[in-house]
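Please consult the structure shown below while reading.

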Amino acid sequence: MALRSLSSAADPFALSHHIQLTSSFLPSIELHKGAAAEFHRKFYLKTECNACTMAHQALGSSKHGFRRKITLDDKDMPQQWYNIIADLPRPLPPPLNPKTLQPLNPNDLLPLFPQALIEQEVALQAYIDIPEEVLDVYSMWRPTPLFRARRLEAFLETPARIYYKYEGVSPAGSHKPNTAVPQAWYNAQAGVKKLTTETGAGQWGSALAFACSHFGIGCEVWQVRASFDQKPYRKLMMETWGAKVHPSPSNATMAGRAILATDPSSPGSLGMAVSEAVEAALADKETKYSLGSLLNHVLLHQTIIGEECLKQLAMVEETPDVIIGCTGGGSNFSGLAFPFIREKLKGRINPTIRAVEPAACPSLTKGVYAYDFGDTAGITPLLKMHTLGHDFVPDPIHAGGLRYHGMAPLVSHFYNLGYIEAIAIPQVECFKAALQFARLEGIIPAPEPTHALAAAIRECQHCRETGEEKVILLALCGHGHFDLAAYEKYMAGEMVDLQYPQEKVSEAMARIPSVT
Ligand SMILES: *Cc1c(COP(=O)(O)O)cnc(C)c1O
């Protein structure tokens, strides 16, 4: 009640001041009654403040309360990951061996991944216990907070309520350590000495570097050239955790040399960097490869986000109407959404679930659903996914983590079955949303989740028109402290929207393998 009446206040800035004041005084009723009332008399010429009184009442009953952040106790951190494969409405098309085009034998993956992760890739049980050692590392930053975006709501004058699950509190600054830590741990258990990987924005490389250093194994990273040049501090962060970093394409691999021979100034792509990291892992028996998105086991590890969030929303008696996440390979989106899709499949809730991708790399909205390689050189197994073609080189937009030609097979499958919607948003609108968010909510988002933010703002504007009090749940999967060069560009008015290069994609589509 208290909240509803506040939401409809006429002056959003007065309101947001009011909220800030109220919540900062909440711990001490004495203080509130004295100093806050004085503040109100001065600034609002009011002698009584009903809303403040109501705020205190709301604090007692948590329903839509004035809680800016909803936190779980350490002891309430989920102890299992959720495996959505157990609940699929229709079976997932299997990965194929690229040579025989027959379903892949899981053992074919042993040169790249340890047994335990391959088992998780094909596991059928709904819940998988998180190992003690992994829970222990998770507890450094998990459970992560769920925030209510009160000031943004007020600014937008929307009746919608926005909650955002913030993964930027991890040491690497994003959701990626949720899978880097178990991957490094299972590899270390299997006696692996080093992991290789690719990184786009540098988020995944830093997460894996952090995780490997934790378990005493080596880490070698191929960072997409465009981001290597734009973000020197991500490289230094990886090096601080002990990793070795190459720009990709590099001279260190055959795949890299082949690309440089035809295009010496290639900006790189995630697909190219995958080729290099896979090649390096295959060349050494004690080295394996690690992927930061796309595969089933990666999405599995990320479900801790959604499992926590279910508990957090229950604490404030909220049910989401719209769940929004950005999609590069699909892991942060799935991590938040899959536990809610489980509840949807069981008929308990019915949220709209919306994936948001960059207009310059629209694999769900403009790609085709087909078998394709995960890398540019064509050495990985074939995955059935929404793809723009494995040798599609997206323009070097600022959301480096979203510059990937394909989408996770599980996300593609659910999209194909109609459980998920997708939209593409150009980057200028995303950064506009990011600045509003940073100025109102404080957190400076990574360029990737600005796509989710822009979509949430569109939804709020829609709610303002219709008067719907929707509950919007948003994946704020990382901070942008290493991405300020992108913010600088935007603020200088130099950021441009890059068109979807239809011809280039059609060309690339002609080169995907034909599987009947
Ligand atoms: C890597 C990354 C992404 C894209 O990857 P997904 O697998 O789609 O989550 C998005 N946001 C951030 C902050 C990332 O680090």
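The axes of helix α15 (residues 304-315) and α16 come within 6 Å and cross at roughly 55°. The crossing of α15 and α16 is right-handed. I305, G306, E307, C309 and L310 of α15 are in contact with G335, L336, A337, F338, P339 and F340 of α16. By class, this contact comprises eight nonpolar residues, two polar and one charged. The model is a predicted one.

A second pair consists of α8 (residues 177-189) and α9, whose axes come within 8 Å and cross at roughly 40°. The angle makes α8 oblique to α9, and their crossing is right-handed. On the α8 side the contact involves P177, A180, V181, Q183, A184, W185 and A188, which meet A207, L208, F210, A211, C212, H214 and F215 of α9. This contact has 12 nonpolar residues, two polar and no charged ones.

| Helix pair | Axes come within | Crossing angle |
|---|---|---|
| α15 and α16 | 6 Å | roughly 55° |
| α8 and α9 | 8 Å | roughly 40° |

The ligand is surrounded by 21 residues, and the closest are Q203, G328, S331, E448 and G478. The elements giving two or more residues to this shell are α9 (203-215) and α16 (331-345). With three residues, α16 gives the most. The shell divides into eight nonpolar, 11 polar and two charged residues.

Terms used. Residues numbered from 1 in each chain as written. Predicted model: local features only at pLDDT ≥ 70, side-chain atom pairs only at ≥ 80, totals over all residues. Near = placed C-beta within 6 Å. Helix = DSSP H or I, 4+ residues; strand = E, 2+ residues; numbered from the N terminus. Nonpolar A, V, L, I, M, F, W, Y, C, P; charged D, E, K, R; others polar. Axes fitted to C-alpha atoms, helices over the stretch in contact; angles between N-to-C directions. Parallel < 35°, antiparallel > 145°, perpendicular 65-115°, else oblique. Left-handed = near helix turned anticlockwise from the far one by under 90°. Contact = placed C-beta atoms within 7 Å.
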